[in-house]
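Subject: Structure handover

Hi,

Here is the structure for your files. My notes follow below it.

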Amino acid sequence: MIRNGQLVDGTGSPWFYGDLAIVGDRVAEVAPRGAISPAGAAEVVDAGGHVVCPGFIDIQSHSIGTLFDSGQSLSKVTQGVTTEIMGEAWTPAPFGGRIREPFRASLGVSNDRWEAKAHGWTRFRAWLEAVQERGVAVNIGSFLGGGTLREYAMGWDTSTPTNEQVQVMCRVVEEAMRDGAFGVATALIYPPSSFAGTEELVEIARVIGRHGGVYITHVRSEAERLIEGIDEAIDIGRRGDCAVEIYHLKASGAGNWHKMDAVIAAINAARASGVDITADMYPYIASGTGLSVLVPKWLAEGDRLFENLADPALRQRIREEMLNRGGAAGVRRMEHVMPVGFDRPENKQYIGKRLDEIAAMRKQDWVDATIDLLLSERQRISTIYFTMSEENVKKQMQLPWMKISSDAGGHDPATEINPVHPRGYGTYPRVLGKYVRDEKVLSLEDAVRKMTNAVAARLSLSDRGILRAGAYADVVIFNAGTITDHATFTNPHVLSTGIRDVWVNGGRVIANNAATGNLPGTIVDGPGGGGGR
């Protein structure tokens with residue numbers, strides 16, 4: 001029994017003082033304060049002076065690697081996250097078709113114990129079941145990675161798919177939806193997803209829509225062609241008769257900040273016309289992706305990015321394109337680019353420095369420095385881009401159809417070495433502390449709704465993201481007066497504080513501000529594969 005708490009139920013309704021009873025993995029009763037007798041309760045938890053709310057659902061998690069290595073996802077559960085939804089661009093299943101290897105080097109984790117198993121994950125659900133079997137602290141679910149889907153049918157070919165190849169993709173989507181996928185997640189700035197054309201995406205969306213799923217997308221441009229990217233997503237939703245979610249909505253690059261008003265207007269107009277389109281965001285003015293987004297996407301054709309970068313005959317063409325467009329992140333000033341994910345010892349000296357500083361240290365311009373560092377590392381090089389507007393962050397956060405997501409994996413500060421984006425440690429406490437308590441950009445109830453019930457509704461998870469009798473007991477207790485994110489861009493591996501207790505399916509994973517080591521998480525299914533558990 002949890003008593004004396006300030007209950008925020010996830011629906012956006014006003015908070016009230018109340019008590020909550022948990023039996024097994026479900027909420028048994030929610031009632032006004034004092035209405036539930038504590039007699040017979042195995043444990044009574046006093047939540048006086050604290051908020052009690054549903055566990056947060058991260059619709060854009062990158063914890064695939066974390067969950068392979070450890071089921072704890074410490075930096076997420078200490079934020080109050082109880083469910084992680086993965087799948088942007090890539091998933092380790094289904095393995096087959098023209099996919100050569102089930103793992104990507106960019107995971108940055110030891111995969112030895114999974115390698116043999118992964119070749120047998122020919123169905124989408126197989127990898128989720130493997131993670132669940134080894135034990136996990138949070139609930140897990142996923143979209144089918146759009147890049148994985150295209151690679152399955154076409155490898156790394158840039159060509160327009162044949163009718164037969166489109167049918168292969170549609171068959172794989174159909175199977176994945178029945179296996180519990182929430183839909184398909186494309187990332188249209190990253191190969192091989194970037195090779196996909198609108199027409200094939202419409203066909204894929206039609207399959208998703210028949211199962212009540214969601215086409216979720218990192219749009220083709222968040223910079224110069226942002227409006228066109230949003231228009232394409234709307235077009236896919238309309239023609240495919242499918243719900244659409246925009247990953248981490250943003251206008252990247254100062255020259256594009258003004259476009260956010262037009263984007264909001266376009267989404268509002270699409271919704272008014274009957275297109276079911278919404279979005280999510282993280283509460284930071286910097287994004288995180290690879291240094292590799294600064295080079296032309298066509299270099300990845302045939303999965304030969306590094307071979308093509310090393311070709312002297314292509315160097316001048318590459319240089320000209322990079323100088324003319326500034327990369328997919330809309331970057332024009334290299335002091336806004338901070339590479340952090342270096343592996344080779346000789347490159348560690350550059351961690352945390354801006355790209356213009358690194359180029360000066362190497363006595364190169366930024367283009368040659370970028371190309372040579374990518375060739376040295378032979379991996380994407382995790383990079384932070386300071387390209388967004390605080391004004392837009394606040395404006396977006398108040399939109400009724402906006403949700404909160406992290407766009408990050410879980411971490412454990414005891415085992416991390418390289419810097420990462422602080423959103424993996426601080427997204428949800430940052431919203432509740434900075435934007436709700438301190439700056440009053442949005443109300444407590446609306447912030448919790450955007451982290452819980454709004455996400456659950458988008459995913460057709462009818463029994464999660466809400467405090468009510470019969471719902472799964474994913475519950476968080478936090479101190480609204482002290483909740484704070486501490487991770488920064490220069491010191492990211494610091495856990496947030498203020499989340500006192502967390503239950504996942506009735507199992508306590510955080511007790512009195514400390515991880516318990518419990519692993520009560522389970523697979524959550526999309527609408528086509530298990531009733532939305």
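**Cysteines**

Cys242 is buried, at a relative accessible area of 6%. Buried means under 20% relative accessible area, exposed over 50%, and partly exposed in between (1.4 Å probe, protein chains only). Cys170 also counts as buried, because its relative accessibility is 11%. The structure holds zero disulfides, a disulfide being a pair of cysteine sulfur atoms within 2.5 Å. Cys170 is in none; its nearest cysteine sulfur, that of Cys242, is 12 Å away.

**Ground rules**

This is a predicted model: local features need pLDDT of at least 70, side-chain atom pairs count only at pLDDT 80 or more, and totals for chains, interfaces and linings use all residues. Residues are numbered from 1 along each chain as its sequence is written, and side-chain values use heavy atoms, with hydrogens and water left out.

**Helix H7**

Helices (H or I, at least four residues) and strands (E, at least two) are DSSP runs, numbered from the N terminus. H7 covers residues 198-210. Its 13 residues should span 18 Å at 1.5 Å a residue, and the end C-alpha atoms are 19 Å apart, which agrees. The expected span is 1.5 Å times one less than the number of residues. Buried residues of H7 include Leu201, Ile204 and Ile208. The buried residues pack against H5, H6, S10, S11 and H8. Gly212 follows H7, with a positive phi near 75 degrees.

**Asp179**

Asp179 sits in the loop between H6 and S10. Asp179 counts as buried, at 11% relative accessibility. Contacts (heavy atoms within 4.5 Å) include Arg123 and Asp525.

Best wishes

Terms used. Lists of a residue's contacts leave out its neighbours within four places in sequence.
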